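Colleague: Please put the model up, and then let us go through it one question at a time.

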Amino acid sequence: MDDLSKLLFFLLLTISITTALPDKPGSGQINSNSVLVALLDSHYTELAELVEKALLLQTLEEAVGQHNITIFAPRNDALEKNLDPEFKSFLLQPKNLKSLQSLLMFHILPKRITSPQFSSAVVSHRTLSNDHLHFTNGKVNSAEITKPDDLTRPDGIIHGIERLLIPRSVQEDFNRRRSLRSIAAVLPEGAPEVDPRTHRLKKKPAPIPAGAPPVLPVYDAMSPGPSLAPAPAPGPGGPRHHFNGEAQVKDFIHTLLHYGGYNEMADILVNLTSLATEMGRLVSEGYVLTVLAPNDEAMAKLTTDQLSEPGAPEQIVYYHIIPEYQTEESMYNSVRRFGKVRYDSLRFPHKVEAQEADGSVKFGHGDGSAYLFDPDIYTDGRISVQGIDGVLFPEEKTPVEKKTAAPVVKKAAKPRRGKLMEVACTMLGSQFSTCQ
């Protein structure tokens, strides 16, 4: 924000403050010592500019007049460097005004929360957008609180955070608009072919509808590995690839980075393996995938031995990819109805077991289990990303010990006499040794 814009915004805010009605029921006097004025003259002027463009000044003045407020504000450099330019352009479009308002109201609580109230336990507070912010270990929705109690005023308090908080509704709206824009193009079709024998046009086979499941299973379409054989896989649109899978995989990886707390998973997909290319090719051929993404805290617990074997990162991620399209709602309904559900994974033949626990979905067994922590991070109808709080490993079957059988003692069988011998012994008595 340049000096002229800052001056105009300050004058607009001052005029609106001085014209506020102090005798309005439930409202209080707003003066130059307000937290809204402090937001402008601080390191958070970029957020103040977004508030002006979202036409939220009057709404915030009414909130300040009724009760104290708490603002979680990212610094200017965080908005300039870490915010995706495409996402920022989406927010500033006039038709997306409601999304911008929801995003800004998501950063404001209608109560005063100071740093001593941040505890290690998970606590939720309702925002002005009627969503909830979750606090745990000095973080709000996995974003670090870098400047607690940075600006304190009688009618509110401002805490500095490391990045912008994006509610799920805004992220889904952004993904939906971008996905519709990417598939709006018309596919070119080739010239009709003539049969040289009959001189008639060849009839084209019936087209496969977009989104229809492929003919071959997903394992036959994966690139060859130690236990996989190469095989072509047809998809909707044939060789032209109706779906741009690479763009969709890139989109969900960017969503992971913007969501925060899943940088390690994104790094494995992009830098350490070629899984992103492989997943993009599968989606282009019509397959659907559900990714169980462990968060950074879970990935940090992996040991060197677990990652040192050749191909270990690929095998770990393959076990976290389900060749189905599942959302948090569908998985929870399944475990509620059937108790335990076993999903196929791309690490054939291992399966991922899911069950209901504590009102959520729990994957795995015992100490190696993980809960569905961040549901529906990314859902576009073909790729679904569900955040979990642990790294899953296939259950190792312990070999069954064979019981040693007791030694068999063979008893000498008494020779059996036939009928003729018995008749002879009866007639002649016990004169022979065989009759005794």
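Colleague: What relative accessibility does R281 have?

Modeller: This is a predicted model in which residues are numbered from 1 along each chain as its sequence is written, and side-chain values use heavy atoms, without hydrogens or water. Local features need pLDDT of at least 70 and side-chain atom pairs count only at pLDDT 80 or more, while totals for chains, interfaces and linings use all residues. With a 1.4 Å probe and protein chains only, buried means under 20% relative accessible area, exposed over 50%, and partly exposed in between. R281 counts as partly exposed, its relative accessibility being 31%.

Colleague: Which residue forms a salt bridge with R281 at 3.4 Å?

Modeller: A salt bridge here is a side-chain nitrogen of Lys or Arg within 4 Å of a carboxyl oxygen of Asp or Glu. With the closest N and O atoms 3.4 Å apart, the partner of R281 is E278.

Colleague: Which residue forms a salt bridge with E353 at 3.6 Å?

Modeller: E353, buried at 9% relative accessibility, also meets K340 in a salt bridge of 3.7 Å, N to O, and K340 is exposed at 53%. K340 lies in strand β12 (residues 340-344) and E353 in strand β13 (residues 351-357), so that pair ties together parts 13 residues apart in sequence. The partner at 3.6 Å is R342.

Colleague: How far from D155 is the nearest side chain of opposite charge?

Modeller: D155 lies in the loop between β6 (143-153) and β7 (156-161), and its contacts (heavy atoms within 4.5 Å) include N33, H67 and R112, not counting residues up to four places away in sequence. A polar atom of the D155 side chain also lies 3.0 Å from the backbone nitrogen of V35. With Lys and Arg counted as positive, Asp and Glu as negative, and His and the chain ends left out, D155 is buried without a salt bridge, and the nearest side chain of opposite charge, R112, is at 6.2 Å.

Colleague: Which element gives the largest share of the lining of the largest pocket?

Modeller: On a 1 Å grid over the protein atoms alone, a pocket is an open set of points with protein on both sides within 12 Å along at least five of seven lines, a cavity is a set where a 1.4 Å probe fits but cannot get out, and lining residues have an atom within 4 Å of a point. The largest pocket is lined by 39 residues, with N141, S142, Y259, F373 and D374 nearest its centre. Elements giving two or more residues to this lining include α8 (168-182), α10 (245-259) and β15 (370-379). The largest share, seven residues, comes from β15.

Colleague: How many cavities of 30 Å³ or more are there?

Modeller: The largest cavity is lined by L39, L47, V51, L60, I71, L104, H107 and I108. By the grid rule, the number of cavities of 30 Å³ or more is three.

Key: Helices (H or I, at least four residues) and strands (E, at least two) are DSSP runs, numbered from the N terminus. A polar contact is a pair of N or O atoms within 3.5 Å; within protein, one must be able to donate a hydrogen and the other to accept it, and residues adjacent in sequence count only if both atoms are side-chain atoms. Grid points are joined across faces, edges and corners, and a volume is the space filled by probe spheres set on the points.
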